[in-house]
Number of protein chains: 2
Amino acid sequence: MIKNKEKYHVAIAGATGAVGRKMLEILEERDFPIGKLKLLASSRSVGKVLEFKGKEIVIEELRESSFVDMDIALFSAGAGTSLQFAPSAVKSNCVVIDNSSAYRMQKDIPLVVPEVNPASIGENPTIIANPNCSTIQMVIVLKPIHEKFKLKRVVVSTYQSVSGSGQKAIDELKNQTKALLSDKEIKTNVYPYQIAFNCLPHIDKFLDNGYTKEEMKMVNETKKILGDDSVQVCPTTVRVPVLYSHSEALNIEAEGPITASEIKNLLKAQPGIVIVDDPQNNKYPLAIHGENKNEVFVGRIRDDISLERAVNLWVVSDNLRKGAALNAIQIAELLVAL
Amino acid sequence: MIKNKEKYHVAIAGATGAVGRKMLEILEERDFPIGKLKLLASSRSVGKVLEFKGKEIVIEELRESSFVDMDIALFSAGAGTSLQFAPSAVKSNCVVIDNSSAYRMQKDIPLVVPEVNPASIGENPTIIANPNCSTIQMVIVLKPIHEKFKLKRVVVSTYQSVSGSGQKAIDELKNQTKALLSDKEIKTNVYPYQIAFNCLPHIDKFLDNGYTKEEMKMVNETKKILGDDSVQVCPTTVRVPVLYSHSEALNIEAEGPITASEIKNLLKAQPGIVIVDDPQNNKYPLAIHGENKNEVFVGRIRDDISLERAVNLWVVSDNLRKGAALNAIQIAELLVAL
């Protein structure tokens, strides 16, 4: 257990990535009680420097021995790296908060959104998994609705920004866009096809059932976080030429009748949710407004005209913040408050 | 009636717009049996020149007297213009094919997708309405499914390109994108917010029920075209930073059990539909591949994992072609073949 310290020694594995940098930014913003701070990455990044609270910190190589004397390790370097190094961190009595998909569906590993299921962390966590970005912003909305009305089925279509694929994808979108606007050839590297001025109905690998891994994350992680396998999710995940923030169109069916106004009132009262819903005055959540914000923005709340016990919502959140780095650091805050 | 001529005199009202120009292109491509061709527009465009089969045609002002001696008028200049001038065309015994929303829901006016309900044109049409772009590509897919399995409910999220808002919107997306990539201020004119690197859950005006007019077009036009008010549609229409072609994520519920493979086999056999569905080899419909094509492309056909009697589809089509100009000219082809 790591409670009752004044300061906590924190390591970030994958510190140079888009999410790693955002973690650093958020630790500073929220004044997390940090003692030592270790920034870890692969050998390629060793010697690079990142800033924290005005001080330069040199990147060290991520090794099995990196976690000795550390209290909390934030992992965001892909599932392979987590599987390789998280066990060493655990052996060093360092609690791992893992942003990769490596441990999310493992039975004994809590999968946590602090506003939704903080108690699932338990008394003596070793590894805590951070859910997928598209799941987090959805499940924050679903939780109170499920509690009050019992969810039956959710049909969700996503509009996901390229930052979810890291800095390389941000560069790829910008470079392709520049090339197309000046009639030059584009290069594709991160995505199988041009992402500029295009939509790709393909995020992560395709599985045998015709869904992508990203889609099945939304199905399986939602059930685990809500602690209820009866909640049905039917997702289509789509990459769109947006830099930051994911948008999602949700059609939510409850067991019995629900109305848009009930849902609006319910969601208004939730921590972490901001309602932006005044369509007559062109107020609705937008990806460009969600960028660099901590909240999940909900709007276009309206009765489903095709089914009495359903509503539609439009949900936007910064995928690097609430969808990744912020959620991980909120988990760390829960740990030190235990 | 206008049948049994060798050549037909055709007028295009709104010839200088994005759809008008596409109509001209398609009339030439398909070698429509044209006698006289009149290109009509507002007084601002008078004297401008457009090319047809290598000849320059001077734009004339659209007037009530423009349709004397003409056989077919293709209108694509907005609902106001259609309401003002279509009656004059009808008085001149010129059949109107109207791409605007003006007459679509009028009871005695046929609303036609040639692959779906050609018979609804009837014996002596005066005005024939061309459906909304997002409806056309959806209803072409729904029709055979409804016939064979009886549709119950469709939940649809759209990813609509800016060309649906005309040439000004294409320019606005390009200009905003250029400005943002060089850290300059952007201008918004066509859309209420930045469309570059953003998604707008707002197409056309908001109505009192919280849906947009675009969304309600998908609901009401679908029922009229399928001739069945029992088909329920629940839409979310979204503008995305794509230049040409609309994409749609459809969740289709039938009255009884259906499977993805049944639907795939059924759709394969339909005119106007091309199946692009081999996800393991990254084959699925894409907006950039739909551009300037005539067909409706369908892929990501998979069983709904949340409901036995439902499937998911991803549908792409060129909104200026099958969604507008091509469909109108296919209606004209039906007229001259009557």
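**Chatting through chain A**

Biologist: Which residue does L50(A) stand opposite in β4(A)?

Modeller: L50(A) faces I57(A) in β4(A). This is a predicted model, where local features need pLDDT of at least 70, side-chain atom pairs count only at pLDDT 80 or more, and totals for chains, interfaces and linings use all residues. Residues are numbered from 1 along each chain as its sequence is written, while chains are lettered from A and ligands numbered from 1 in the order in which they are written.

Biologist: In which sense do β3 and β4 of chain A pair?

Modeller: Antiparallel, over four bridges, with β3 at residues 49-52 and β4 at residues 55-58 of chain A. Strands (E, at least two residues) and helices (H or I, at least four) are DSSP runs, numbered from the N terminus, and two strands pair if DSSP finds at least two bridges between them.

Biologist: Ok, which residue in that hairpin takes a positive phi?

Modeller: K53(A), near 50 degrees; the hairpin has two residues between the strands.

Biologist: New topic: what's the strand order in the open sheet of six?

Modeller: In chain A the order is β5-β2-β1-β6-β7-β8, with parallel pairing.

Biologist: Why is one side of β5 and of β8 left without a neighbour in the sheet?

Modeller: Because β5 (60-61) and β8 (127-129) of chain A stand at the edges, each with a single partner strand.

Biologist: And how many bridges join β7 and β8 of chain A?

Modeller: Three, in the parallel sense, with β7 at residues 95-98 of chain A. There, I97(A) stands opposite I128(A) in β8(A).
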